[in-house]
Amino acid sequence: MVHVMVVISETATKERLQESMGALEEVDTRWVTSANEALLILKEQRFELVISDETFPEMTGLQFLNQLVRVNPMVNTALISALTPEAFHEATEGLGLLGQLPLNPGPPHLKELVSRLKTILDLQAPRTQQRK
């Protein structure tokens, strides 16, 4: 089971994402509507992936991810963003994002993102098992 936190404040986008995320197998999703609330939760709970909206009332998605890196530098992240791929790369360089999602991500975008995440988690699994 993959544990995903989706931090999104826009209701219409959240509804579309809930439908798309619901179609994914072996994914447990927690929905949070505030970047500040998400940071508090992420200090206490572990998620394999955090998907962030582009903007929140209290900060931008990039500001949230910058703060998140300080809370948990090992969590995989993705950002919903309207930036071009080149501008996105420039803006997020050094944050180690797993990917960029379009403003209205659909099932194919989320399926690809989760597939990349599972590949990473599978690559990490043998190292974790060897330490036991």
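Here are some friendly notes on the structure above.

1. Please keep in mind that this is a predicted model, where local features need pLDDT of at least 70, side-chain atom pairs count only at pLDDT 80 or more, and totals for chains, interfaces and linings use all residues. Residues are numbered from 1 along each chain as its sequence is written, and side-chain values use heavy atoms, with hydrogens and water left out.

2. The protein chain has five helices and five strands, where helices (H or I, at least four residues) and strands (E, at least two) are DSSP runs numbered from the N terminus. Along the sequence, their order is β-α-β-α-β-α-β-α-β-α.

3. Of the 132 residues, 40% are buried, meaning under 20% relative accessible area with a 1.4 Å probe, protein chains only.

4. Now look inside: the largest nonpolar core has 20 residues, and Met5, Leu42, Val50, Phe64 and Leu68 have the most contacts inside it. Such a core is a set of buried Ala, Val, Leu, Ile, Met, Phe, Trp, Tyr and Cys residues joined through side-chain atoms within 4.5 Å. At least two residues each come from β1 (2-7), α2 (35-44) and α3 (61-71), with α2 giving the largest share, five residues.

5. A second, separate core of 18 residues includes Val2, Leu24, Ile51 and Leu117.

Definitions and conventions: Buried < 20%, exposed > 50% of the residue type's maximum accessible area, 1.4 Å probe, protein only.
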